[in-house]
Amino acid sequence: MIYTGVLTKMQTEFLDPIQYYLVFKTDFVHMNQLLDKTMHLKHLGYECLSCGLNKEIYRQGFCKDCFFDKPVAGDWIMRPELSTAHLDQEDRDLAYEKKVQLQPHIVYLANSSNVKVGVTRKSQVPTRWIDQGAHEAVEIVEVPNRYLAGIAEVALKDHVADKTNWRKMLKNDIKDLDLTEWRDKLKPFLPEETQAYFIQNNKETELHFPVNQYPEKPKSLNLKKDIEFSGKLVGIKGQYLIFEDDTVFNVRANEGLVVDLSI
Ligand SMILES: [Zn+2]
């Protein structure tokens, strides 16, 4: 069986364990069913997720021109505190920015390798946590726009990490922590404007990933350089495919690559 298409981050379903799907234009691959099977990946070219051209991908699945030009790649995506739609101020396309920024956002604590703070649209919970490979997470603030979530995150970054150590996450070198305790400890550091949106009483969400074997020394597959790879799939965590020989492949970091996937 050969599937051909452009990689986009795997779609997920929050079940126990989490279910993963690779979605191509004409095919839909249920990745959990490929566990313990040998698969072959081959890099064929590129397809920018914005313009669709076969141009080298620069960042986030976009070619360089689209990354610096299109509203879907504005700086406020990675740095929510730069959001300005609530002030009626345009970055690249005000209508688009209002649609995305002026909706409920969540500031959360997630534990994937360590406790980290993050921001996501409310509609992206728990998808965001799954994509990060967090085994536990809790919402701490719900605000009406992206800007407020951004300034809360910036304030908390002084007291808690904002990055995941992907090697630790993949090796499952993790601890169970009481995130509600962290939430209460961090509350005093929230900016004044966001204090009223603090979520006092909710429980941690636990996430279970379909992994039969964790890598001891994860090594990242660079499909742009190596072009082809064959291996037995032994797990999926975050947006990573984990293979028997400790090779790992970050699907999300390879968005925009056109590949053949054969099983
Ligand atoms: Zn493009």
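Me: Over how many bridges do strand S8 (residues 105-111) and strand S10 (residues 136-143) pair in the antiparallel sense?

Reply: This is a predicted model in which local features need pLDDT of at least 70 and side-chain atom pairs count only at pLDDT 80 or more, while totals for chains, interfaces and linings use all residues. Residues are numbered from 1 along each chain as its sequence is written. Strands (E, at least two residues) and helices (H or I, at least four) are DSSP runs numbered from the N terminus, and two strands pair if DSSP finds at least two bridges between them. For the antiparallel pair S8 and S10, the number of bridges is seven.

Me: Which strands are the edge strands, pairing on one side only?

Reply: Four strands, paired in the antiparallel sense, make up an open sheet in the order S9-S8-S10-S11. The two that pair on one side only are S9 (115-121) and S11 (205-206).

Me: What angle does the direction of helix H5 (residues 146-156) make with that of S9?

Reply: Axes are lines fitted to C-alpha atoms, for helices over the stretch in contact, and angles run from 0 to 180 degrees between N-to-C directions. Contact itself requires C-beta atoms, placed from the backbone, within 7 Å. H5 packs on the sheet by touching S8, S9 and S10, and its direction relative to S9 is about 170°.

Me: What angle does the direction of helix H7 (residues 179-186) make with that of S10?

Reply: Helix H7 packs on the sheet as well, touching S8, S9 and S10. The angle of H7 with the direction of S10 is about 35°.

Me: Which residue in S9 stands opposite isoleucine 106?

Reply: S8 and S9 are joined by a hairpin through three residues. Their antiparallel pairing extends over seven bridges. Opposite isoleucine 106, the residue in S9 is threonine 120.

Me: Why is valine 119 classed as buried?

Reply: A residue is buried if 20 or more other C-beta atoms lie within 10 Å of its own, exposed if 12 or fewer, and partly exposed in between, with C-beta atoms placed from the backbone. Valine 119 is found in S9, a strand of which six of seven residues are buried. Valine 119 itself is buried because the number of other C-beta atoms within 10 Å is 23.

Me: Which residues does valine 119 touch, not counting residues up to four places away in sequence?

Reply: Lysine 99 is 20 residues from valine 119 along the chain, and their C-alpha atoms are separated by 17 Å. With residues up to four places away in sequence left out, valine 119 touches Pro80, His105, Val107, Ala149, Gly150 and Glu153.

Me: Why is one side of strand S2 (11-13) and of strand S4 (28-30) left without a neighbour in the sheet?

Reply: Another open sheet, with antiparallel pairing, has three strands in the order S2-S3-S4. S2 and S4 stand at its edges, so one side of each lacks a neighbour because each has a single partner strand.

Me: How far apart do the C-alpha centres of domain 1 and domain 2 lie?

Reply: The chain is divided into domain 1 (2-67 + 211-262) and domain 2 (74-206), with bounds from an automatic or database domain assignment. The distance between their C-alpha centres is 26 Å.

Me: How many residues does the contact take from domain 1 and from domain 2?

Reply: Domain 1 and domain 2 are the two parts into which the protein chain is divided. Their contact takes 15 residues from domain 1, and from domain 2 it takes 11.

Me: Which residues have the most contacts inside the largest nonpolar core?

Reply: A nonpolar core is a set of buried Ala, Val, Leu, Ile, Met, Phe, Trp, Tyr and Cys residues joined through C-beta atoms within 7 Å. The largest has 55 residues, and those with the most contacts inside it are Val107, Tyr108, Leu109, Ala137, Leu241 and Ile242.

Definitions and conventions. Two residues are in contact if their C-beta atoms, placed from the backbone, lie within 7 Å.
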